[in-house]
Amino acid sequence: MRLAMISERLGLRLIAVMLCFLFLFAGCMRFSKQKPGEQPDLSKPMDSFYSAPLDRLSSGFANILTGPCELVYQFKEEIKRTDPIRGTLPGVIKGVTWFAVREVVGVFEIATFFIPWKPHLHPFDTEWISL
């Protein structure tokens, strides 16, 4: 009898989860800009409502991975902008600040990737790194 009650509860939970997913996907469909019977605009495939969460997730991981590069990049740019004597301390401060910002934004974007917003920071430019 107890086993029957447990399996009945699991069945009800499974039905509740399936209904939640159904309402989630049905709710997302109403945000589409495409009218019924209209041909889809394939010129910008990554601008769809459904690709935005994946863009945020990948942007969050990229921000976390490229955060330490900001330490060196901001230091280098500040020295290039001024001179090695006057650019050292501001370069280190800018590097640490941008490192912290990129890491926090990366964690935030990973934690909230399911919300269809655009990524907050532009991707880090790694072309200046020469191997």
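Tutor: The protein has three helices and zero strands, where helices (H or I, at least four residues) and strands (E, at least two) are DSSP runs numbered from the N terminus. Read from the N terminus, the order of elements is α-α-α. The model is predicted, so local features need pLDDT of at least 70 and side-chain atom pairs count only at pLDDT 80 or more, while totals for chains, interfaces and linings use all residues. Residues are numbered from 1 along each chain as its sequence is written, and side-chain values use heavy atoms, leaving out hydrogens and water.

The mean pLDDT of the protein is 78, and 66% of the residues score at least 70; pLDDT is the predictor's confidence in each residue, from 0 to 100.

Helix 3 covers residues 88–111, and its 24 residues should span 34 Å at 1.5 Å a residue. The expected span is 1.5 Å times one less than the number of residues. The end C-alpha atoms lie 35 Å apart, which agrees.

Next comes burial. A residue is buried under 20% relative accessible area, exposed over 50%, and partly exposed in between (1.4 Å probe, protein chains only). In the protein, 19% of the 131 residues are buried. Those in helix 3 are Gly91, Gly95, Arg102, Glu103, Val105, Gly106 and Glu109. Their cover includes helix 2 (52–81). An α-helix has 3.6 residues a turn, so residues three or four places apart point the same way.

Ser59 lies in helix 2 and is buried, with a relative accessible area of 12%. Its side chain makes a polar contact of 2.9 Å with the side chain of Glu109. A polar contact is a pair of N or O atoms within 3.5 Å; within protein, one must be able to donate a hydrogen and the other to accept it, and residues adjacent in sequence count only if both atoms are side-chain atoms. Setting aside residues up to four places away in sequence, Ser59 touches Glu109, Pro119 and Leu121, a contact being heavy atoms within 4.5 Å.

Ile64 also belongs to helix 2, but it is partly exposed at 28% relative accessible area. Not counting residues up to four places away in sequence, it touches Glu103, Gly106, Val107 and Ile110. Ile64 and Val101 are 37 residues apart in sequence, with 9.9 Å between their C-alpha atoms. In the protein as a whole, 65% of the contacts with a separation of 6 or more join residues 24 or more positions apart.

Finally, consider the rings. The whole structure holds two aromatic pairs. Tyr73 and Phe124 form an edge-to-face pair, 5.6 Å centre to centre with 80° between the planes. Rings of Phe, Tyr and Trp (its six-membered ring) pair if their centres lie within 6.5 Å; planes under 30 degrees apart count as stacked, over 60 as edge-to-face and the rest as tilted. This pair links distant parts of the chain, since Tyr73 is in helix 2 and Phe124 in the segment after helix 3, 51 residues apart. Tyr73 is partly exposed at 23%, whereas Phe124 is buried at 12%.
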